[in-house]
Amino acid sequence: MLKLRVGVLLAVLLGGVASAYVVTRPAPVTATPRWVEDADATPTPSALPSAMPSATPSAVISPTPTVKLPLLRPGPVTINTPGFWSWALINTRTGQVSGAKNLAATSTTASMVKAWLAADYLRRAAEQGVTPDTARINELSIMIRDSDNNAAQDIYELLGQTASIKRLISKCKLTDSSAVSGSWSRTTVSARDTARMAACIGDGRAAGPKWTSWLLNEMRHVRGTGDFGIRKALPAEIAKQTAIKNGWLLRDTDGLWHMACLAIGAGWTLGVLVRYPGSLGFEHGANICKSVAAQLMHG
């Protein structure tokens, strides 16, 4: 009986010690908007992540929440906006592609393509038996979480520039997309190719089995200006599990906002593309991406 009481006392004391060492993570850094004409040609200061991501990948892809039917399912979508808009939804359990009548029409990715750049780098590193060091992992993390342009340009050049975009088209079986020499932000994709790229990332083809879980986790922690659009329409618990990467740019060449929204959920991926007059502002496009998701949501 005495041994039992001593054991209980030790457990209580150790529990108190453990609780004293809980680490509080600092608040996320909010990235400032980068409304430059060519995001990949104009360097911007790197933002520091709220915490250093682990350089050790998980060999097992994290499970997504189990649901009977995907939360987002095909249905009518109405958007009131001047200019171009398109969307495409893929049921990743059946492969069914649904979308707007112009789902094959193209627009530019801007920063959305950074999700592919990270995947391409990590998959190729694993294929070569190389584990990226902490500095490289940090660079990839801020490229995804904070949409850091310096990081994207560095990775893009390491990957052979347009050679990486050509690998995207091949590996993810895109049919409407094309690379633009020397510019990741001007990569052109359709809405259905955006949803296909999302599916390619979600099922592990893009980053490979060693790094897919890590990349999806980074995409679930997108923050600051880039945290807008599709997942803002979702219930909070589901939004936390939804991986996203958005692109946004007011281009001097045409005076239009170019927005591209990508999301990966449980059993679905969604791509939304928008172009509209610059005078309407950033929020107009962000709300279109959100509205498409809201209209496709079935509780």
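Reader: Is Ser-86 buried or exposed?
Author: This is a predicted model, and in it Ser-86 sits in strand E1, which spans residues 84–91. The cut-off for burial is a relative accessible area under 20%. Ser-86 has 0% relative accessibility, so the residue counts as buried.

Reader: Which side chain makes a polar contact with the side chain of Ser-86?
Author: Leaving out residues up to four places away in sequence, Ser-86 touches Ala-100, Asn-102, Leu-103, Ala-191, Gly-271, Val-272 and Leu-273. A polar contact of 3.2 Å joins the side chain of Ser-86 to that of Asn-102.

Reader: Where does Ser-190 lie, and what is its relative accessibility?
Author: Ser-190 belongs to strand E5, residues 183–190. Ser-190 counts as buried because its relative accessibility is 0%.

Reader: With which side chain does the side chain of Ser-190 make a polar contact?
Author: Apart from neighbours within four places in sequence, Ser-190 is in contact with several residues, including Leu-103, Thr-106, Asp-176 and Leu-273. The side-chain polar contact of Ser-190 has a length of 2.7 Å, and the partner is Asp-176.

Reader: How many disulfides does the structure hold, and what pattern do they follow?
Author: The structure holds two disulfides. With the bonded cysteines counted along the chain, the pattern is 1-2, 3-4.

Reader: What handedness does the link of Cys-172 and Cys-200 have?
Author: The sulfur atoms of Cys-172 and Cys-200 are 2.3 Å apart, and a disulfide joins the two residues. This link bridges distant parts of the chain, 28 residues apart: Cys-172 is in the loop between helix H5 (162–171) and strand E4 (178–180), and Cys-200 is in helix H6 (residues 191–202). Both cysteines, Cys-172 and Cys-200, are buried. The angle about the S-S bond of Cys-172 and Cys-200 is -75°, and the link is left-handed.

Reader: What handedness does the disulfide of Cys-261 and Cys-289 have?
Author: Cys-261 and Cys-289 form a disulfide with 2.1 Å between their sulfur atoms. Cys-261 is in strand E7 (residues 256–265) and Cys-289 in helix H9 (residues 282–296), so the pair ties together parts 28 residues apart in sequence. The torsion about the S-S bond of Cys-261 and Cys-289 is about 85°, so this disulfide is right-handed.

Reader: Are Cys-261 and Cys-289 buried or exposed?
Author: Cys-261 has a relative accessible area of 0%, so this cysteine is buried. Cys-289 has 0% relative accessibility, so Cys-289 also counts as buried.

Reader: How many aromatic pairs are there, and why is the pair of Trp-211 and Trp-214 edge-to-face?
Author: A search of the whole structure gives four aromatic pairs. The ring centres of Trp-211 and Trp-214 are 5.9 Å apart. Planes over 60 degrees apart count as edge-to-face. The pair of Trp-211 and Trp-214 is edge-to-face because its planes stand at 90°.

Reader: What are the relative accessible areas of Trp-211 and Trp-214?
Author: Trp-211 is buried, with a value of 0%. Trp-214 is buried too, and its relative accessible area is 8%.

Reader: At what angle are the planes of the rings of Trp-257 and Phe-282?
Author: Trp-257 is in strand E7 and Phe-282 in helix H9, so the pair ties together parts 25 residues apart in sequence. Trp-257 counts as buried at 4% relative accessibility, and Phe-282 counts as buried at 14%. The ring centres of Trp-257 and Phe-282 are 6.0 Å apart, and the pair is edge-to-face because the planes are at 65°.

Reader: Which residues form one aromatic cluster with Trp-257 and Phe-282?
Author: Trp-257 and Phe-282 are members of one aromatic cluster. The cluster also takes in Phe-228 and Trp-248.

Reader: Which residue lies over the face of Phe-84?
Author: The distance to the ring centre of Phe-84 is 4.4 Å. The residue over the face of this ring is Arg-275.

Reader: What percentage of the residues of the chain count as buried?
Author: The chain has nine helices and eight strands. Among contacts with a separation of 6 or more, residues 24 or more positions apart account for 68%. The chain has 299 residues, and the share that count as buried is 51%.

Technical notes:
Residues numbered from 1 in each chain as written. Predicted model: local features only at pLDDT ≥ 70, side-chain atom pairs only at ≥ 80, totals over all residues. Heavy atoms only, no water. Disulfide = S-S within 2.5 Å. Helix = DSSP H or I, 4+ residues; strand = E, 2+ residues; numbered from the N terminus. Buried < 20%, exposed > 50% of the residue type's maximum accessible area, 1.4 Å probe, protein only. Phe/Tyr/Trp six-rings, centres within 6.5 Å; stacked < 30°, edge-to-face > 60°. Lys NZ or Arg CZ within 6 Å of the ring centre and 35° of its normal. Contact = heavy atoms within 4.5 Å. Polar contact = N/O pair within 3.5 Å; in protein donor to acceptor, adjacent residues only side chain to side chain.
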